[in-house]
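Please read these notes with the sequence and the 3D view open side by side. They go through the fold one element at a time.

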Amino acid sequence: MTALEMANALDFEVLVEGEGAEREIQGIYCCDLLSIVMGRAQADDVWITVMGNINAVAVAVLADVSCILLSENMQFDPESLERAKQQGVCVLKTSLPTFQAAVKIAQKLDLLTETH
């Protein structure tokens, strides 16, 4: 499933389309500390964060995530949105808290498995 398909299926707002129509989602990463995201997020993850600034765009490019999902109804300032457009970064938004957004995505992507 691509980032834009996920956004449409889960009613996430698309702030910047970027490469969202081409990028397949492989996982989910939730973190607000940019230095941690740079080292631990995997390529093609949905990165869920409340960090709506220009540095988040740079980290998304470095980590090669499929998209940024702003949770808690956070906003990107106009400069950050413009940078995301320039860099081809898909930026989505939801009013859901980070955990709830992650669960919805995991259910949609069938990433939840039962462990014993």
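1. The model is predicted, not experimental in origin. Please keep this in mind for every value that follows.

2. Start with the sheet. It is open, has 5 strands in the order β1-β5-β4-β3-β2, and its pairing is mixed. β1 (13–16) and β2 (27–30) stand at the edges with a single partner strand each, so one side of each has no neighbour in the sheet. On average, neighbouring strands are turned by 25° against each other, direction ignored. As background, strands of a sheet pair through backbone hydrogen bonds, and the pairing is either parallel or antiparallel.

3. β2 and β3 are paired in the parallel sense, with 4 bridges. Within this pair, Tyr-29 has Trp-47 of β3 as its bridge partner. Strand β3 (residues 45–49) also pairs with β4, again in the parallel sense and over 4 bridges. Here Trp-47 has Ile-68 of β4 as its bridge partner.

4. On its other pairing, β4 is joined to strand β5 (residues 91–93) by 3 bridges, and the two run parallel. Leu-70 stands opposite Lys-93 of β5.

5. How many residues of β3 are buried? The count is 5 of its 5, and the strand is mostly covered. Asp-45, Trp-47 and Thr-49 point one way from β3, while Val-46 and Ile-48 point the other way. Note that Asp-45 is among the buried residues.

6. Strand β4 (residues 67–70) is covered on both faces. Cys-67 and Leu-69 are buried on one side, and Ile-68 and Leu-70 are buried on the other.

7. Helix α1 (residues 3–10) lies across β1, β3, β4 and β5. Its direction is at about 10° to β5.

8. Now turn to the pair formed by helix α3 (residues 54–63) and helix α4 (residues 78–87). Their axes come within 8 Å and cross at roughly 20°. The two helices are therefore roughly parallel to each other, and the crossing is right-handed. Ile-54, Val-57 and Val-61 make the contact from α3, and Glu-79, Ser-80, Arg-83, Ala-84 and Gln-87 make it from α4. Sorted by class, the contact has 4 nonpolar, 2 polar and 2 charged residues.

9. Leaving aside residues up to four places away in sequence, Ser-80 touches Asn-53, Ile-54 and Val-57.

10. Thr-94 lies in the loop between β5 and α5 (98–108). Although Thr-94 is in a loop, it is buried, with a relative accessible area of 7%. Which residues does Thr-94 touch, not counting those up to four places away in sequence? They are Phe-12, Leu-69, Leu-70, Ser-71, Glu-72, Asn-73 and Ala-101. For a distance check, Thr-94 and Phe-76 are 18 residues apart in sequence and 12 Å apart in space, C-alpha to C-alpha.

Conventions. Residues numbered from 1 in each chain as written. Predicted model: local features only at pLDDT ≥ 70, side-chain atom pairs only at ≥ 80, totals over all residues. Heavy atoms only, no water. Axes fitted to C-alpha atoms, helices over the stretch in contact; angles between N-to-C directions. Parallel < 35°, antiparallel > 145°, perpendicular 65-115°, else oblique. Left-handed = near helix turned anticlockwise from the far one by under 90°. Contact = heavy atoms within 4.5 Å. Nonpolar A, V, L, I, M, F, W, Y, C, P; charged D, E, K, R; others polar. Buried < 20%, exposed > 50% of the residue type's maximum accessible area, 1.4 Å probe, protein only. Pairing = 2+ DSSP bridges.
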